[in-house]
Amino acid sequence: DHRLARHRSVEVSDLAGERILALRSGFMTRQLFSGACQLEGVPMKITLESSVPSAIIALARVGAGIGIIPSNQRLEKQGIAVAPIVHGGRTLGDWFCAMRDPRRFMPAYGGEFVAQLVAYAKREYPGREIRVAPPPRR
């Protein structure tokens, strides 16, 4: 029943004045969120900090505030609404990469995993630069 519950995404500025349940400052999710708040000039009311995403989810579920958690966090959506946080219409996020030691054996499925990862990234993050490094020289 929260005013933002039916939104497909939530702008950082929409969270001004809301009770925020956030991960501690050492987490990348918190750093990205805090950085977006600073860029927007929106002071956030952090009600609770935790290093346990499931605690934030449980408290959000009972109405203690809006939880800011990583997008890869598994959760049951029953009793809560989920939406990405955006700044200037773009989701908050960071680069990611998959690397391996070329001196180590790579199983046959390794190449397929990389291909699937690239396909997923292109599908889920249209317009973003997706690159695959060339194989290392021998």
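In what sense do strands S5 and S6 pair, and over how many bridges? Strand S5, residues 85–87, and S6 pair in the antiparallel sense over two bridges, where strands are DSSP runs of E with at least two residues and helices are runs of H or I with at least four, numbered from the N terminus, and where two strands count as paired if DSSP finds at least two bridges between them.

Before I go on, this is a predicted model, in which local features need pLDDT of at least 70 and side-chain atom pairs count only at pLDDT 80 or more, while totals for chains, interfaces and linings use all residues. Residues are numbered from 1 along each chain as its sequence is written, and side-chain values use heavy atoms, with hydrogens and water left out.

Returning to the strands, His87 stands opposite Arg90 in S6, and the open sheet of three strands runs in the order S1-S5-S6 with mixed pairing. Strand S1 (10–11) and strand S6 (90–91) are at the edges with a single partner strand each, so one side of each has no neighbour in the sheet.

Let me turn to Ser50, which lies in strand S3, residues 45–50. Ser50 is buried at a relative accessible area of 10%, buried meaning under 20% with a 1.4 Å probe and protein chains only. A polar atom of its side chain lies 2.9 Å from the backbone nitrogen of Val52. Leaving aside neighbours within four places in sequence, Ser50 is in contact (heavy atoms within 4.5 Å) with residues including Ala22 and Phe27, and Ala22, on the same terms, is in contact with Arg30 and Ile68, among others.

Terms used. Buried means under 20% relative accessible area, exposed over 50%, partly exposed in between (1.4 Å probe, protein chains only). A polar contact is a pair of N or O atoms within 3.5 Å; within protein, one must be able to donate a hydrogen and the other to accept it, and residues adjacent in sequence count only if both atoms are side-chain atoms.
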